Structures are given as structure tokens and as C-alpha cells.
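Here is a short briefing to read alongside the model. Please keep the sequence and the 3D view open as you go.

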Amino acid sequence: MAVQRGQRTYADGMKIEREFLARAGVDPKSFTLVDAQGLPGDKATPTAQISLLRYLARQDDFDVFYDSTPSMGIDGSLADVIERTNPAAGHIRAKTGTLVSAYKGKLALGTKALARYIDAKDGHRYVFAICANNIPVSSNSVSDAIDLALRANKQLGAMAAEIHKSPKA
């Protein structure tokens, strides 16, 4: 974004990104950007994510963004999150976020998130964001952390499938 404006520095890019988020209606108090890569230090509340996703849904090129997102139970990184036979399969377009970190001196699933859009059984499209933070890993094994992340992915997928079925419950 900085280069598009003839600027080149990291500081310029971060300023432009914050301005964009403000124009999109995202409360500046609801996110922290250190490097905007999603690594430790970058934080966004589910409300911030939903505000941005609602904004994006109103853009002329939304279909390109929407179609580029994995379809739960069908393809991409969400193909195996729910069964293809689940009624929600193909009706949830989402992106995961995963960060393994330390919590209270132990290995933890620092963040596991799932967010984007659900075309619910009631015929409406909903924006959603589900996040879980600081889930302790049973050991300090990276393999156990990966297993925990995969199990958490399935649990978040099951929650999204329930929203598909009954979004106002």
C-alpha cells in the first residue's frame, strides 16, 4: 500500500494500513499491529475482524475475495475440518489462524481462530469470528502442539457448522 502511494518505509506502510482499517470502520482500540504479519504482537479482537469482514463484503470485488477463501468440508485448508456430508459443507468460507507460543512458561496454543462467512440454513450470510487463546499443550512437545491445533481446528469447525444450522441460537 505504501508503494502505491509513492512511499517506501515500513512506518509509512503501517500508517497507511491503520488509516485503511479506520476507514473500514475498525475501532483502532480493537487491534494492535506490530508488523501486520499475524505474528506475536499483532492482535485483533473478534469484533475488529468482523468489522473488517463486513466492510470487505460491501466492496465491488468482494466475490474475488470470497471465492479465494477455503470452503469448509470441500477444499483447501478446511477440506477435512468437517465431513463432506455435513449439511454445512460448502456453506462456510473461512480462514484459520494458528499461533503456538509460550503461556505461563509452557508450550501453548497461543491462538486458534476461524473467521469469515457462513451462508446459513436460514438463507442469510453471516460474518463470524471464533477465537481461543492460551490453550496449554499437554507436554512441551511440538508434535503435541500440532495435534492440539488440529483438534482445535475441528472444534472451531464444528462450532461454525452449528452456526450454519441455527445462527440465532
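Buried means under 20% relative accessible area, exposed over 50%, and partly exposed in between, with a 1.4 Å probe and protein chains only. By that scale R8, at 76% relative accessibility, counts as exposed. This is a predicted model, in which local features need pLDDT of at least 70 and side-chain atom pairs count only at pLDDT 80 or more, while totals for chains, interfaces and linings use all residues. Residues are numbered from 1 along each chain as its sequence is written, and side-chain values use heavy atoms, with hydrogens and water left out.

- Helix α1 covers residues 10-23; helices (H or I, at least four residues) and strands (E, at least two) are DSSP runs, numbered from the N terminus.
- Its 14 residues reach 20 Å from the first C-alpha to the last, close to the 20 Å expected at 1.5 Å a residue, where the expected span is 1.5 Å times one less than the number of residues.
- G13, M14, I16 and L21 are the buried residues of α1.
- These residues lie on the same side of α1 because they cover an arc of only 160 degrees around the axis, the arc being that of the directions from the helix axis to the C-beta atoms.
- An α-helix has 3.6 residues a turn, so residues three or four places apart point the same way.
- The cover over the buried residues of α1 includes β1 (31-32) and α2 (46-57), with contact meaning heavy atoms within 4.5 Å.
- On the other side of α1, A11, K15 and R23 are exposed, and A11 has a relative accessible area of 52%.

**Around α1**

- R8 sits in the segment before α1.
- R8 and R54 are 46 residues apart in sequence and 29 Å apart in space, C-alpha to C-alpha.
- A11 and I92 are 81 residues apart along the chain, and their C-alpha atoms are separated by 36 Å.
- Just after α1, G25 takes a positive phi of about 90 degrees.

**T96 in strand β3**

- T96 belongs to strand β3 (residues 92-103) and counts as buried at 17% relative accessibility.
- Leaving aside neighbours within four places in sequence, T96 is in contact with L78, K112, A113, L114 and N153.

**V142 in helix α4**

- V142 is part of helix α4 (residues 142-165) and is exposed, with a relative accessible area of 57%.
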